[in-house]
Amino acid sequence: MKCTLGTYTKRSSQGIYQLDLSETQNELTLIAHVDNPTYLTTHKDTIFTVIKEQDQGGLAVVINGEVVAKHTEVGAPPCYVHYDVDRSLIYTSNYHGGFVNVYTYQPELGLKLLEKIQYNQGSKAHFVAPNPNTKEIVVCDLGLDQIHTYTVGSDHKLNLKHTFDTNLKQGPRHIAFHPTLPVLYAFMELSAQLLVLVDKGDHYQLIQTLSTLPLGQDAIRSGAAIRISSDGRFVYTSNRGHDSISVFQLDQSGQATMIQNISSQGKHPRDFNLSLDEKYLLVANMETDNLALFARNSENGQLTLIRSDIEAFEVVNIEFNE
């Protein structure tokens, strides 16, 4: 299994790493010296990554370990990057600046900023990605407690379709989309809750709100990452503070029931991901500089620890590669 790791470079990390991993072996290789590549996405041999340079932040394109194009602006770098395969667009969301950028990239022309959507004061835009079922673009605004949905015009411009307001101080962070049902799973960072939303076309209907922490446990509430299995049967979330992974089983309507909560085997599980064959789940514990590898049972969705001794510094993002 090979994966690409995005990191902070505040302590020991030097940039973007590749990990070649098995149940007994691991080989970690620095593949690009980039400052604070905290979130990234891969497409074939290309990496689209967050980048920070002095007082500027933005997006960089890395090929064969070299930055071949970049776009930066004064201010903090973005916190999320997504490559839209269908449209060949790249989206970034900026937590500190409260905006979303839309880019194109062509090797001969470089990166081009097509559009910036600036939100109101207090915005903390934390996620932007297309819904694979509708192709509409969905944005989580953690600061304003809103989820925005956009259609995309022929000029690639985003047109606001509707906005869903969560409860105050829930803090929508990331979303997982059901592969076959018109259902979205929105993970709330501030309340550590999972919101199950049905896409009604012109609005989202909230049908379920669940804690991602075990019943009766009053840990620090700081939700991080969310993933869904490709068969649409299980959702996984990581809980910072509680330092755990929660597993939810989904019924035929898309509603969720927690079936497992397991230690992340480290502190601050900032991200995790399923391997491409979904037989494994790899967790990045950012503050203890270790990765934990779990076996995943495809029938019941539950996790079993294999090893937690994989050293990797300041990991924020995990992307498995073809």
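Visitor: Does aspartate 86 count as buried or exposed?

Guide: The structure is a predicted model, in which local features need pLDDT of at least 70, side-chain atom pairs count only at pLDDT 80 or more, and totals for chains, interfaces and linings use all residues. By relative accessible area, buried means under 20%, exposed over 50% and partly exposed in between (1.4 Å probe, protein chains only). With a relative accessibility of 56%, aspartate 86 therefore counts as exposed.

Visitor: With which side chain does aspartate 86 meet in a salt bridge?

Guide: A salt bridge places a side-chain nitrogen of Lys or Arg within 4 Å of a carboxyl oxygen of Asp or Glu. For aspartate 86, the N to O distance is 2.9 Å, and the partner is lysine 135.

Visitor: How many residues apart in sequence are the parts that aspartate 86 and lysine 135 tie together?

Guide: Strands here are DSSP runs (E, at least two residues), numbered from the N terminus. Aspartate 86 belongs to the loop between S8 and strand S9 (89-94). Lysine 135 belongs to the loop between strand S12 (125-130) and strand S13 (137-141), so the parts tied together by the pair are apart in sequence by 49 residues.

Visitor: Which residue forms a salt bridge with arginine 240?

Guide: The search of the whole structure finds twelve salt bridges. In the one formed by arginine 240, the closest N and O atoms are 3.5 Å apart, and the partner is glutamate 189.

Visitor: Where in the chain does glutamate 189 lie?

Guide: Arginine 240 is part of strand S21 (residues 234-240), and its pairing with glutamate 189 ties together parts that are 51 residues apart in sequence. Glutamate 189 itself lies in the loop between S17 and strand S18 (193-199).

Visitor: Are arginine 240 and glutamate 189 buried or exposed?

Guide: The relative accessibility of arginine 240 is 5%, so this residue counts as buried. For glutamate 189 the relative accessible area is 13%, so glutamate 189 is likewise buried.

Visitor: What is the volume of the largest pocket?

Guide: A pocket is an open set of points, on a 1 Å grid over the protein atoms alone, where a 1.4 Å probe fits and protein lies on both sides within 12 Å along at least five of seven lines. Grid points are joined across faces, edges and corners, and a volume is the space filled by probe spheres set on them. On this basis, the largest pocket has a volume of about 1500 Å³.

Visitor: Which strand gives the most to the lining of the largest pocket?

Guide: Lining residues have an atom within 4 Å of a point. The largest pocket is lined by 50 residues, and those nearest its centre are Thr41, His82, Arg227, Asn273 and Glu319. Five lining residues come from the strand that gives the most, residues 80-84, which is strand S8.

Visitor: How many charged residues does the lining of the largest pocket have?

Guide: Asp, Glu, Lys and Arg count as charged; Ala, Val, Leu, Ile, Met, Phe, Trp, Tyr, Cys and Pro as nonpolar; and the others, Gly among them, as polar. The lining of the largest pocket has 23 nonpolar and 15 polar residues, and its number of charged residues is twelve.

Visitor: Which residues are closest to the centre of the second largest pocket?

Guide: The second largest pocket holds about 440 Å³ of space. Of its 22 lining residues, the closest to the centre are Tyr8, Cys79, Tyr95, His96 and Arg270.

Visitor: How many residues of S16 are buried?

Guide: Strand S16 (172-177) is one of the strands that each supply at least two residues of the lining of the second largest pocket. S16 is largely enclosed by the rest of the structure, because its buried residues number six of the six.

Visitor: Which residue of S17 stands opposite phenylalanine 177?

Guide: Two strands pair if DSSP finds at least two bridges between them. S16 and strand S17 (residues 183-188) run antiparallel and are joined by five bridges. These two strands form a hairpin with five residues between them. Opposite phenylalanine 177 stands leucine 184.

Definitions and conventions. Residues numbered from 1 in each chain as written. Heavy atoms only, no water. Helix = DSSP H or I, 4+ residues; strand = E, 2+ residues; numbered from the N terminus.
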